[in-house]
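Trainee: Could we go through the charged side chains in this one together? I would like to take it slowly.

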Amino acid sequence: MSKFMKVAAASVAAAAALSTLAACSSGSDSADDTTGSVYYLNFKPESDATWQEIAKAYTEETGVEVKVVTAASGTYEQTLKSEIAKSDAPTLFQINGPIGLKNWQDYTADLTDTDFNKALLDPSMAVKGEDGKVYGVPYVVEGYGIIYNQSIMDKYFALSGAKASSMEEINNFATLKTVVEDMQARKDELGIDGVFASTSLKPGEDWRWQTHLADLPVYFEYQDDGVDDKAEMTFSHGNEFKNIFDLYLQNSTIDPKLASSKAVNDSMAEFALGKAAMVQNGNWAYGQISDIEGNTVKPEDVKMLPIYTGHKGEETQGLNIGTENFFSINSQVSEAKQKASIDFVNWLINSEKGKKYMVEDLGFIPPFNTFTDAEQPADPLAKEVVSYLSNTELTTIPWVFTTFPSQTFKDDFGAALSQYAAGQMDWDKVVETFTTGWAAEKGA
């Protein structure tokens, strides 16, 4: 587990606006409130049903009320800002890292002495304030890359004239491109509609590209300059981003002009039904594959490949692994509610039932020493992440997208990518959208 990494900076809301919120918020409890209850504002829509089940189970076991509200995709900061000002404010929420902490500092309690903070496998992963105290504790490590169907790939490798004979040969963009384009040309022989599932560029559904895929060029530029953040970006590795993005668009199940109408669920369904051989996503998406009615992909055939873009030395590149999920406790609610929320998190990582929910139902790779090797996730994508983490010959790509300026910046970049896919914007304009948007928010 030594490769768990400290994840840099985070997300979005404007600090000035939040300072105003803190000053006038009606969300803080009165000093004599002794009712211990939990209100968790969940980040991921795809895990809502599981969190609702967890809340019910905890209440039945302890008698403590737990309410879970899930923000719509891409609206977490907006929802949190709205909910935190209410009289019944979230008691448990999440920040995305150090920048998120700066924005929400007035609402984050000191977690330094909590059991769940002390149980971290890598204490450096916690989000600390300038005072050295812990205000955000990671509760899951995740990874993403190019998910592929081994069965379809084996069928391709068996074809006469195949450009590769195994997945082991695909360890760079040049080889990936050659194989993918040949597969696309022979899609009828393979019984697929396209190599890649549809590129979901519908507003609010484009995070796989404007955030996750963009992580690579930003990380590489940071590496070039020896920094972990920048006020201005040149997007110097933008052509590498374009390499893989074009490969996705041009070798897909759909015409690129239709991408702006597609959601993530559409894309995952195409993969699950065997209409596509590959799809970019993370280990959290296994449920979206296995739960699709008519799913044809066997668990043992679900594998993951690093996202190759043509970057120098990528033969030793691993998956993009990190976290944007840090538990924080609302310091503005009563001590009873703060304690109830801390107890709830401790239950999640210590009790047999809580750990089962974390690993088996949520599919988390938990970064706590309370989980044994036998209590790690069993689903194939989580196993892929654990395998890549333990491979000392590969270098994982950390999640630096937590340093991106804001959700608005990402949405604007996603809109530009959508226009590019539809043939309505030149690539140079896409790059300009990225660099000017970044500088406008972070260089100001």
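**Charged pairs and a patch**

Mentor: Lys356 counts as partly exposed, because its relative accessibility is 44%, and please keep in mind that we are looking at a predicted model.

Trainee: Which residue does Lys356 form a salt bridge with?

Mentor: Its partner is Glu360, and the closest N and O atoms of the two are 3.4 Å apart. Both belong to helix H15 (residues 352-361), where they are 4 residues apart and so separated by about one helical turn. Glu360 counts as exposed, at 57% relative accessibility.

Trainee: How many salt bridges does the structure hold?

Mentor: There are 14 salt bridges, including one between the side chains of Lys177 and Glu181, at 2.8 Å from N to O. Lys177 is partly exposed at 33%, and Glu181 is partly exposed at 34%.

Trainee: What about Lys230, is that buried or exposed?

Mentor: Lys230 counts as buried, because its relative accessibility is 15% and the cut-off for buried is under 20%. Lys230 forms a salt bridge with Asp225, with 2.6 Å between the closest N and O atoms, while Asp225 is partly exposed at 42%.

Trainee: New topic: which residues form the negative surface patch?

Mentor: That patch is formed by Asp110, Asp113, Glu130 and Asp131. Asp113 sits in the loop between helix H4 (98-104) and helix H5 (115-118), and with a relative accessible area of 62% Asp113 is exposed.

Key
Residues numbered from 1 in each chain as written. Predicted model: local features only at pLDDT ≥ 70, side-chain atom pairs only at ≥ 80, totals over all residues. Heavy atoms only, no water. Patch = residues over 30% accessible without salt bridge, like charges linked within 9 Å, V, L, I, M, F, W, Y side chains within 5 Å. Areas by Shrake-Rupley, 256 points an atom, 1.4 Å probe, with all protein chains shown as cover. Salt bridge = Lys/Arg side-chain N within 4 Å of Asp/Glu carboxyl O. Lys, Arg positive; Asp, Glu negative; His and termini not counted. Charge placed at Lys NZ, Arg CZ, Asp CG, Glu CD. Helix = DSSP H or I, 4+ residues; strand = E, 2+ residues; numbered from the N terminus. Buried < 20%, exposed > 50% of the residue type's maximum accessible area, 1.4 Å probe, protein only.
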